[in-house]
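Me: I am new to this structure and want to know what lies behind the words used for it. Please take my questions one at a time.

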Amino acid sequence: MSIIQFLRILWARRLIIVAATISCFLGALVVIQLVPPRYEANSRILLNLLRPDPVTGQVIANAAARGYIATQRSLIRDYSVAGQVVDELGWLSDPNLIAQYQSRPATDTRDFRRWVAQRIIDGTSVKVVEGSNILEITFRGPSPRDAQIIADALRKAYIDASLAFRREDAARTAEWYDEQSDKAREALTKAEAEKTAFEKETGIVLQADNTDVDSARLAALAGQSAIPPIVTVAPPSSAASMQLAQLDTMIAQASQTLGPNHPELQQMRSQRASVAALAAQEQAAARAQAGAAAASAGAMDRAMAAQRARVIAQRDKVERLSQLQAEVDILRDQFNKTTARAAALRQEAAIAETGLTPLGAAVMPQSPVFPNKPLIIFGSVGLGGAMGLLVALLVELFGRRVRGVEDLQGLGAPVLTVIAPPASRRSFFRLPGPSRLRLAPPDASRSAA
């Protein structure tokens, strides 16, 4: 089919196309007049994802931010938030809503509060402002005032619900930690009593470094034995010994020249006697000191051996006491941690911070967002034209007519001539009909040949 044939069909069926277009246009006007307008109001709230929590100090990681935002969007459209809005607006006592609820289908088994809350949920949409942490709550209502009030009520109910959920969750978790703390306290008390009874039974006491007294004493003795004893022995060349040697030499020399009863010789011999007594005293003191040191070293060795034997003899008891002490330490650490966690959760349950910051109040809309009159009107014109065109082509398909020479080309019949219509009826789209086309007889071509 050529473009000329297509245009001829459209012109021939123009009434159908025009009728369809006008019908859709009139229908659009009726819809605009009958459909109640809907108004949208927006209320925004800032999610403080980058600010640390004032109690826990935690910050939501970037990887978890998307899931957190999706959860908040679902929470805003949840029954727990919409139900609070219903209660705040007092819709449960609205006679119009009660009448509509009573005329609902019999298959609808929802209670009145949930039925009304669902109307709010259906008109609510939540989106994230691109490139930010701002949630935009949008409500579509029948009037500008209702849209504004409900949008702000949704934001307030969402903040209250978030705070309530956080407090309830913290309080519930704190109760669980309190129970665990009580159990840890009982276990710790029992373990300490068992450890104390074992200490009384064995007489072994562990020090702060988890070592018993006997082991600490053995370590001290070992440290003392590692220090070499200081032994003071008079050297052989002491002052008295040197002086005694000098006097012997002088006496030997004087004996060769002086007589045995010479006063000088007698004096030197008397001096030698006193010096010899002093040297003997020094040697006796040195020997006594050496003996005392040897005796002390022997006593130290014997004490270490006895202490080592005692430690070895009670090794199993010390090990058992160490195990009891380790169990006590573990239970005490568990008790301290559970108690601290319960205290932190109780503090969180009393917090008034939600990490949500409302950004101004919703603005009352000035014009409805539905119905969109320009879109409906131009859309109806386009839809009517398309439907008219489709119907015209279908009618032409089931009722074909010859509208020009081009329609006969596929039949194989030669055309002798085309009689033009009068000038008053001549048109680009109107060409002679079949009555004005002369066809050659079937054997005309053979006779011409």
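Reply: A helix here is a DSSP run of H or I with at least four residues, and helices are numbered from the N terminus. By that numbering, Glu 396 belongs to helix α12. Keep in mind that the model is predicted.

Me: Why is Glu 396 called buried?

Reply: Its relative accessible area is 3%. Buried means under 20%, so Glu 396 qualifies.

Me: What makes the pairing of Glu 396 with Arg 13 a polar contact?

Reply: The side chains of Glu 396 and Arg 13 are joined at 3.1 Å. The cut-off for such a pair of N or O atoms is within 3.5 Å, and this pair counts as a polar contact.

Me: How do you know how α2 runs relative to α12?

Reply: Helix α2 covers residues 14-34 and helix α12 covers residues 373-398; their axes cross at roughly 150° and come within 7 Å. Angles over 145 degrees count as roughly antiparallel, so α2 is roughly antiparallel to α12. The crossing of α2 past α12 is right-handed.

Me: What kinds of residues make up the contact of α2 with α12?

Reply: The contact has 16 nonpolar residues, 5 polar and 1 charged.

Me: What is the relation between α5 and α6 called, and why?

Reply: The axes of helix α5 (residues 95-102) and helix α6 (residues 112-122) cross at roughly 105° and come within 11 Å. The range for roughly perpendicular is 65 to 115 degrees, and therefore α5 and α6 are given that description. On the α5 side the contact is made by Leu 97, Ile 98, Gln 100 and Tyr 101, and on the α6 side by Phe 112, Trp 115, Val 116 and Arg 119. These residues divide into 6 nonpolar, 1 polar and 1 charged.

Me: Is Arg 44 buried, exposed or partly exposed, and what makes it so?

Reply: Arg 44 lies in strand β1, residues 39-47. Its relative accessible area is 35%. Buried would need under 20% and exposed over 50%, so Arg 44 is partly exposed.

Me: Which residues does Arg 44 touch beyond four places away in sequence?

Reply: Arg 44 touches Val 129, Ile 134, Leu 135, Glu 136, Arg 155, Pro 358 and Leu 359. With Glu 136 there is a polar contact between side chains, at 2.9 Å. Pro 358 is 314 residues from Arg 44 along the chain, with 6.3 Å between their C-alpha atoms.

Conventions. Residues numbered from 1 in each chain as written. Predicted model: local features only at pLDDT ≥ 70, side-chain atom pairs only at ≥ 80, totals over all residues. Heavy atoms only, no water. Axes fitted to C-alpha atoms, helices over the stretch in contact; angles between N-to-C directions. Helix = DSSP H or I, 4+ residues; strand = E, 2+ residues; numbered from the N terminus. Parallel < 35°, antiparallel > 145°, perpendicular 65-115°, else oblique. Left-handed = near helix turned anticlockwise from the far one by under 90°. Nonpolar A, V, L, I, M, F, W, Y, C, P; charged D, E, K, R; others polar. Buried < 20%, exposed > 50% of the residue type's maximum accessible area, 1.4 Å probe, protein only. Contact = heavy atoms within 4.5 Å. Polar contact = N/O pair within 3.5 Å; in protein donor to acceptor, adjacent residues only side chain to side chain.
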